[in-house]
Amino acid sequence: MKYKKFGEHYCIKLEKGDKIIEEITEMCKKENIKLGFFNGIGAVDNVTLSIFDTTTKEYSENNIKKDLEIANISGNVTQLDGEVLVHSHIVLSDEKMGAFGGHLKEGIISVTGEIVLRKVDGLIKREKDEDIGLNLWSI
Amino acid sequence: MKYKKFGEHYCIKLEKGDKIIEEITEMCKKENIKLGFFNGIGAVDNVTLSIFDTTTKEYSENNIKKDLEIANISGNVTQLDGEVLVHSHIVLSDEKMGAFGGHLKEGIISVTGEIVLRKVDGLIKREKDEDIGLNLWSI
Amino acid sequence: MKYKKFGEHYCIKLEKGDKIIEEITEMCKKENIKLGFFNGIGAVDNVTLSIFDTTTKEYSENNIKKDLEIANISGNVTQLDGEVLVHSHIVLSDEKMGAFGGHLKEGIISVTGEIVLRKVDGLIKREKDEDIGLNLWSI
């Protein structure tokens, strides 16, 4: 993973084998980014998506190992218990162009990932919402 | 719905039961946002998508009531007849991760919506394009 | 195609018959945009997607001619051999709302395209990665 900073924009190049969430998280820690959002494209060959069940308040997971385009990845950077929390959803497409997606637990880059992250001066903390069962923005 | 302004960026937290288009529209009116664009993720459990038929120049609608992830929501804020007009498309995914999408007429948040709207200093008006049959950007 | 510049943001209105990649490329050349990223929505009726095969290092192409919503288009502007290179992925949806997507080779607008491009002061060059077989960001 490599990145280059241009003002408030971080252009992130994810490389073959890089874990998307892990790498963005590390960069934010290193660069002291407390709030931001990102958008990008690329390709993965191993991805774990999760779906939150609002009734059981549990995530079910699906791991997929095959060549997939990242048609879109979108997410944000906030703080949970004083640590960087990267929350991202993803849209993938397969060799027949069929699309699927969801909450990105983690994905491993196959070809490249081209992501632009915009740092925002400020801070948003996450706190556990007991009704919902998730760590939501506290604003 | 709650939001926090950081410079030109509005971080919008949509809450269970919130109507996406309605809430963003209200915020733009209140904050006097005439031009902007947004991007986000979240989850809905009731959503109405519409598809424009270029031949009949009419929209057909589909209402879906079930737990869905917002894999991506993208849109813009412009002006129609002096009023805020929020135009948004959405990509959704279901419990099997299958994706679908289209023009978002309205969607109701189930868990949360995390949207960042960037205000742009300027103005774009929409005007009816008689050939197309829609209110398009007038620039 | 028409566009209007507001500070570092270019609001691009693509019109019926416009080729997406071609028009954004032309605008970037004209405006001397060397680095940027964009996001948008719209509708096409003729689109060519391509999928990169990491084994053969070749793209396979699919051309689709029918009314489709652009649920999301995301991409970036960099430089290849001193020329503007627009790299974009897209998520489309059909009349039954089914979504598909991938690398956008080219697409022709049917109704409208509403894209916001953010120019970034800086420069990213692409260089051929011999292992991967593609022109990747060189940073």
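Tutor: Two residues are taken to be in contact if their C-beta atoms, placed from the backbone, lie within 7 Å. In this predicted model, the contact draws 30 residues from chain B and 28 residues from chain C. On the side of chain B that touches chain C, at least two residues each come from strand E3 (36–53), strand E5 (68–80), strand E6 (83–93), strand E7 (99–119) and strand E9 (134–138) of chain B.

Turning to chain C itself, Glu15(C) belongs to strand E2 of that chain, which covers residues 9–15. Glu15(C) counts as partly exposed because it has 16 C-beta neighbours inside 10 Å, a count that lies between the limits of 12 or fewer for exposed and 20 or more for buried. Leaving aside residues up to four places away in sequence, Glu15(C) touches Met1(C), Ile109(C) and Thr112(C). Gly113(C) lies 98 residues from Glu15(C) along the chain, yet their C-alpha atoms are separated by 6.6 Å.

In chain A, strand E2 (residues 9–15) runs antiparallel to strand E1 (residues 2–6), and five bridges join the two. Within this pairing, Lys4(A) has Cys11(A) in E2(A) as its bridge partner. E1(A) and E2(A) form a hairpin with two residues between them, and in the turn Gly7(A) has a positive phi of about 60°.

Key: Residues numbered from 1 in each chain as written. Chains lettered and ligands numbered in written order. Predicted model: local features only at pLDDT ≥ 70, side-chain atom pairs only at ≥ 80, totals over all residues. Helix = DSSP H or I, 4+ residues; strand = E, 2+ residues; numbered from the N terminus. Pairing = 2+ DSSP bridges.
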